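This report describes selected features of a protein model in plain terms. Please keep the sequence and the structure in view while reading.

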Amino acid sequence: MDFCELTIARAKKLLFDRQISSFELTTALLDRIEKYDDKIGAFITIDKDLALEQAKKADQNIADNKISGLTGVPIALKDLLCTRGIKTTCGSKMLDNFIPQYDGTVVSKLKENGAVIIGKTNMDEFAMGSSTENSAYKITTNPWNKAYVPGGSSGGSAAAVAAQFCCAALGTDTGGSIRQPASHCGVVGLKPTYGRVSRFGLVSYGSSLDQIGPITKDVTDAALLLNIISGNDTMDSTSARVDVPDFTTAFDQFGKGSLKGMTAGIPKEYLSVDGIDPEVEKVFKEAKKMLEDLGVDVKEISLPHTEYVVAAYYIIAPCEASSNLARFDGVRYGARATDCEDLMDMYKKTKSTGFGPEVQRRILIGTYALSAGYYDAYYGRASQVRTLIMEDFSNAFKTCDLILSPVAPAPAFKIGENMDDPLTMYLTDIFTLSANMAGVPGISVPAGYSSKGLPIGIQMMANRFDEMSLLRAGYGVEKTIQLDKKFPDL
Amino acid sequence: MKISIDEVTKIAHLARLEIDDAQKEKMADQLSHILKYIDKLKDVDVEGVRPSSGVSVMNNVLREDELKVSPGPDATLANAPQRDEDFYIVPGIVK
């Protein structure tokens with residue numbers, strides 16, 4: 001048996017039936033990481049002993065019949081989720097030596113459910129980027145073709161799942177950072193509704209936009225993991241007090257025509273976006289046809305303010321970032337520059353040497369947009385445009401259950417290709433940013449390949465707290481599609 | 001909107017960043033390019049539209065005021081770049 005290809009669902013069955021042990025499974029994954037991660041660069045930190053210790057504990061629990069939702073299942077975590085006792089760098093030199101004193105809520109939930117934390121994955125520094133090239137530590141390559149980026153900012157998590165280094169991973173999504181790398185790496189990525197998952201213990205980038213979610217090998221696993229990480233948390237005041245359904249029931253009674261009664265809208269503004277790659281368009285049309293065959297009524301809708309989404313986002317997110325990242329001042333944790341004359345000199349040297357160029361750029365944009373005399377013109381106006389974008393979505397969901405779109409306008413680009421032109425990189429986020437602005441959930445499901453063999457996903461968005469519809473439709477696409485190859489050869 | 005080198009210097013100071021002169025010009029160009037794109041927000045009619053700072057339903061989150069165990073100074077200061085017993089040490093503030 002190939003341990004490394006196991007999904008959460010399959011691993012759980014084998015572990016709980018005592019056909020395999022978590023120690024064997026974790027060892028097999030660690031061996032695979034050791035053998036191939038030099039080329040992929042998915043991980044920043046691996047604590048082998050700690051992972052194996054957790055695996056042994058899980059095996060003991062299984063032997064004692066103390067089984068929880070993920071007992072013995074190895075999961076990777078994006079390196080901005082605080083893990084007690086394990087270094088959490090955020091992909092930044094600023095946090096090179098930062099060892100959290102507590103677990104984030106999602107980490108506690110994984111641990112309570114018996115998961116094995118196999119490692120911390122690479123990312124764009126402080127989650128700012130769409131390619132994982134902004135990490136201060138290493139480049140992560142796309143497991144399907146190592147000359148290409150895996151997407152970002154959760155590129156390490158998506159690459160780790162695609163390279164079969166773990167059963168599944170958690171990422172975070174502020175403007176597409178789960179869905180876009182999932183699409184580029186041929187795996188499933190789900191950004192939950194804002195407030196569905198507690199953000200306590202997530203190092204903040206854009207607090208009104210950030211959300212933690214699963215990156216998995218299939219849609220079933222996304223539901224399994226979402227079941228575990230969701231729920232109200234008193235440690236996060238923006239965490240929603242809503243019931244968490246059993247998301248795995250989304251797949252009950254699946255069959256031909258089982259999506260009958262669902263309506264999906266395709267925003268006409270999305271089709272006229274400049275520079276959609278013909279191969280992305282082709283995959284998108286095929287997926288649309290598939291959903292129609294499953295009984296979904298697909299129609300054209302309108303999101304009138306689409307043209308302004310990127311501009312509004314790239315004011316709001318940097319404003320929040322400039323405020324959030326002010327905390328890294330060299331006093332309480334993180335790096336501190338040496339040889340400083342006074343306090344001001346210490347702040348400046350610490351921030352300038354601790355943060356990389358993209359982080360500094362976004363801090364500057366945010367600081368400018370919030371500075372005296374510019375606030376109304378930039379942050380104020382962007383917040384008003386955000387209201388209009390949110391209204392576009394509430395209006396759209398009056399007439400449809402899903403909104404369909406590509407995830408990114410093109411498949412993964414080559415490493416280094418977009419590094420000198422930040423704006424071009426920002427514009428590739430056009431399809432994913434809206435879900436964060438409007439707080440709605442979105443999923444990326446593998447739907448095809450480019451002629452170069454790079455994966456292409458499709459995105460579905462749903463109304464707030466309706467992840468169930470995403471999972472149902474995503475499962476439909478997954479079960480219908482005939483992909484030649486689910487995972488790359490490394 | 002064109003950002004000058006002087007403005008970069010000013011914003012960098014507000015953000016407590018130190019940018020060397022060679023980088024300032026590049027940063028001024030990149031910021032100008034990005035802000036020029038963002039200027040398209042001026043085309044939107046926002047008359048009478050309320051601003052949104054997020055989507056969460058803002059309810060007061062209340063709880064009983066109970067005694068809980070604190071992590072204590074050792075855990076709290078464990079990541080301090082410089083400390084002296086239970087205090088953070090920073091370079092001199094008053095000259």
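How many bridges join strand 5 of chain A to strand 6 of chain A, and do the two run parallel or antiparallel? Two bridges join strand 5 to strand 6 (residues 211–216) of chain A, and these strands run antiparallel.

## Basis of the report

This is a predicted model, in which local features need pLDDT of at least 70 and side-chain atom pairs count only at pLDDT 80 or more, while totals for chains, interfaces and linings use all residues. Residues are numbered from 1 along each chain as its sequence is written, chains are lettered from A and ligands numbered from 1 in the order in which they are written, and side-chain values use heavy atoms, with hydrogens and water left out.

Helices (H or I, at least four residues) and strands (E, at least two) are DSSP runs, numbered from the N terminus. Two strands pair if DSSP finds at least two bridges between them.

Strand 5 of chain A spans residues 188–191, and both of its faces are covered. V188(A) and L190(A) on one side are buried, as are G189(A) and K191(A) on the other. Buried means under 20% relative accessible area, exposed over 50%, and partly exposed in between (1.4 Å probe, protein chains only).

## Backbone features in loops

The loop between strand 3 (116–121) and helix 5 (155–162) of chain A contains S153(A). The peptide bond from G152(A) to S153(A) is cis, with omega near 10 degrees. A127(A) lies in the loop between strand 3 and helix 5 of chain A. Phi of A127(A) is near 70 degrees, a positive value in a residue other than glycine. A127(A) counts as buried because its relative accessibility is 4%.

In chain B, E85(B) is found in the loop between strand 1 (83–84) and strand 2 (87–88). Phi of E85(B) is near 50 degrees, again a positive value in a residue other than glycine. With 64% relative accessibility, E85(B) counts as exposed.

## Cavities

Rolling a probe the size of a water molecule over the atoms shows where empty space is left. On a 1 Å grid over the protein atoms alone, a cavity is a set of points where a 1.4 Å probe fits but cannot get out, and lining residues have an atom within 4 Å of a point. Grid points are joined across faces, edges and corners, and a volume is the space filled by probe spheres set on the points. The count comes to four cavities of 30 Å³ or more.

The largest cavity holds about 90 Å³ of space. Its lining has 15 residues, and G129(A), S130(A), G175(A), S177(A) and D429(A) lie nearest the centre. The second largest cavity has a volume of about 50 Å³. Strand 3 of chain A gives the largest share of the lining of the second largest cavity, four residues.

## The contact between the chains

The contact, meaning heavy atoms within 4.5 Å, takes 67 residues from chain A and 54 residues from chain B. Chain A and chain B bury about 5300 Å² between them, 67% of it on carbon and sulfur atoms. L364(A), Y368(A) and R381(A) supply 12% of the area that chain A buries against chain B, more than any other three residues. Buried area is the accessible area (1.4 Å probe) that two parts lose on being put together, summed over both.

Definitions and conventions: 1 Å grid on protein atoms, 1.4 Å probe; cavity = no way out; pocket = protein on both sides within 12 Å on 5 of 7 lines; lining within 4 Å.
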